[in-house]
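This briefing walks through a protein model by topic, starting with the terms needed to read it. Please keep the sequence and the structure at hand while going through the points.

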Amino acid sequence: MTEKDIVLIQELLATPKKIAIIPHRSPDGDAMGSTLGLYHFLLKLNQNPTVIVPNDFPEFLAWLPSSENVLVFENDKVNVTKILQEQELIFTLDFNALHRTGEMEQVLNKLKVPFVMIDHHQAPENYAAVTYSNTNFGSTCEMVYNFIEFLNKLNLIDTTIATCLYTGILTDSGGFKFPKTTGRTHRIVAELIDLGVQNTEIPNLLFENNSYNRLQLLGRSLQNMKVLSEFKTAYITLSQKELNEFHYQKGDTEGTVNYGLSIKGIIFAAIFIEHREENIIKISFRSQGDFDVNQFAREHFNGGGHINAAGGKSNDTLQNTVKKFEELVTKLKFN
């Protein structure tokens with residue numbers, strides 16, 4: 001952030017305001033951790049913040065402080081739209097293009113109040129009065145910590161805020177394994193732990209609190225995995241029938257795509273999940289090294305994200321989508 005941006009933020013927060021804090025559709029740990037962390041910080045500034053998510057978040061994140069106060073646009077579009085129209089300031093976190101909010105985009109486009117973007121993805125759109133965008137960071141939660149520091153308010157970070165920020169850093173860093181995990185990241189995490197974060201308990205809440213059906217679905221996913229050794233690629237498919245068979249709940253496939261990358265010699269991994277109600281195939285891509293899945297997703301599957309982690313979608317059938325993917329992979333060249 002520039003000095004000019006910091007001054008503008010200070011002016012915007014100088015008096016109490018109604019403030020909406022919004023993550024992307026299908027929010028993950030970083031999206032929920034950053035929005036709720038900022039929510040609790042703004043409360044300490046005597047602001048009137050509200051976290052509004054485009055659609056519901058996974059159950060394994062429902063323990064986050066004040067998650068019970070989050071409004072879900074998809075569940076009550078009329079009333080939540082009215083609330084959005086009453087806001088005086090909008091923070092958008094962990095995304096940089098309004099279409100990432102789904103149907104909420106139509107409401108947000110009509111608002112005449114200032115927007116503040118905090119995000120670490122590539123190619124930000126120009127919709128915000130303040131844009132704090134930097135792809136060098138591994139999580140938006142780390143950027144929210146920096147944002148608070150820019151305002152000289154680190155003394156306001158308590159155990160609650162620290163817990164939210166730690167959660168997002170932990171999840172978006174792949175448990176501190178991804179390349180953008182820096183010494184600075186670990187120093188921030190150390191500060192958060194010193195503030196009371198239960199760093200031995202949170203991983204259990206996020207990764208170990210599985211249902212029997214979720215584990216069965218994981219087993220089916222691994223059975224469905226196909227390895228294209230010649231092209232250093234592995235991918236998983238899950239049909240709507242298979243999701244129904246194992247009583248799929250939002251978040252049940254979180255992290256499943258990473259199993260492909262655990263195979264020796266694999267550089268590129270993907271998972272294709274059929275969602276008939278939305279009439280789309282949801283896709284997640286992961287890579288190791290310098291293969292850019294963000295570019296791959298943008299060019300071929302109407303998506304995007306980071307160099308080593310991105311998402312996309314297809315409106316074709318599961319079979320045709322996978323066929324297209326295989327054809328594209330045969331043309332790739334890996335080191």
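Helices, as runs of DSSP class H or I with at least four residues, and strands, as runs of class E with at least two, are numbered here from the N terminus. In these terms, Phe301 is found in the loop between helix H12 (293-300) and strand S11. The model is predicted, and local features are described where pLDDT is at least 70.

**The parallel sheet**

- Six strands make up an open sheet in the order S3-S2-S1-S4-S5-S6, and their pairing is parallel. Strand S3 (71-72) and S6 stand at the edges with a single partner strand each, so one side of each is left without a neighbour in the sheet.
- Strand S1 (residues 18-22) is largely enclosed by the rest of the structure, because four of its five residues are buried. S1 pairs with S2 in the parallel sense over four bridges, and within this pairing Ile19 stands opposite Pro49 in S2.
- Strand S4 (residues 89-93) runs parallel to S5 and is joined to it by four bridges, with Leu93 standing opposite Ile118 in S5.
- Strand S5 (residues 115-119) is in turn joined to S6 by four bridges, again in a parallel arrangement, and Asp119 stands opposite Ser133 in S6.

**The mixed sheet**

- A further open sheet is formed by six strands in the order S7-S8-S9-S10-S12-S11, and here the pairing is mixed. Its edge strands are S7 (226-228) and S11 (304-305), each of which pairs on one side only.
- S7 and strand S8 (residues 233-238) pair in the antiparallel sense over three bridges, and Val227 stands opposite Ala234 in S8.
- Lys232 is found in the loop between S7 and S8, where its phi is near 55°, a positive value in a residue other than glycine. With a relative accessible area of 27%, Lys232 is partly exposed, because that class lies between the limits of 20% and 50%.

- In soluble globular proteins, nonpolar side chains tend to be buried together.
- The largest nonpolar core has 51 residues, of which Ile21, Phe41, Leu42, Phe91, Ile118, Phe147 and Leu192 touch the most other members. Helix H6 (residues 159-172) gives the most to this core, contributing seven residues.
- Phe147, leaving aside its neighbours within four places in sequence, is in contact with Met1, Ile9, Leu38, Phe41, Phe91, Ile118 and Tyr132. Another core, of 22 residues, lies apart from the largest one and includes Ile267, Ala270, Ile281 and Val293.

**Loop residues**

- Ser67 lies in the loop between strand S2 (48-53) and S3, and its relative accessible area of 6% makes it buried, because buried means under 20%. Not counting residues up to four places away in sequence, Ser67 touches Leu36, Phe57, Leu61 and Ala62.
- Phe176 lies in the loop between H6 and helix H7 (183-194), and it has a positive phi of about 70° although it is not a glycine. Phe176 counts as partly exposed, at 23% relative accessibility.
- Phe301 counts as buried, at 2% relative accessibility. Its contacts, not counting residues up to four places away in sequence, include Ile283, Phe285, Phe296, Gly312, Thr321, Phe325 and Leu328.
- Phe301 and Leu64 are 237 residues apart in sequence, and their C-alpha atoms are 32 Å apart in space.

**The second largest pocket**

- The second largest pocket has a volume of about 250 Å³. It is lined by 14 residues, of which Glu59, Phe60, Asn209, Ser211 and Asp252 are the closest to its centre.
- The residues of this lining divide into three nonpolar, seven polar and four charged.

Key. Residues are numbered from 1 along each chain as its sequence is written. This is a predicted model: local features need pLDDT of at least 70, side-chain atom pairs count only at pLDDT 80 or more; totals for chains, interfaces and linings use all residues. Side-chain values use heavy atoms; hydrogens and water are left out. A nonpolar core is a set of buried Ala, Val, Leu, Ile, Met, Phe, Trp, Tyr and Cys residues joined through side-chain atoms within 4.5 Å. Buried means under 20% relative accessible area, exposed over 50%, partly exposed in between (1.4 Å probe, protein chains only). Contact means heavy atoms within 4.5 Å. On a 1 Å grid over the protein atoms alone, a cavity is a set of points where a 1.4 Å probe fits but cannot get out, and a pocket is an open set with protein on both sides within 12 Å along at least five of seven lines; lining residues have an atom within 4 Å of a point. Grid points are joined across faces, edges and corners, and a volume is the space filled by probe spheres set on the points. Ala, Val, Leu, Ile, Met, Phe, Trp, Tyr, Cys and Pro count as nonpolar, Asp, Glu, Lys and Arg as charged, and the others, Gly among them, as polar. Two strands pair if DSSP finds at least two bridges between them.
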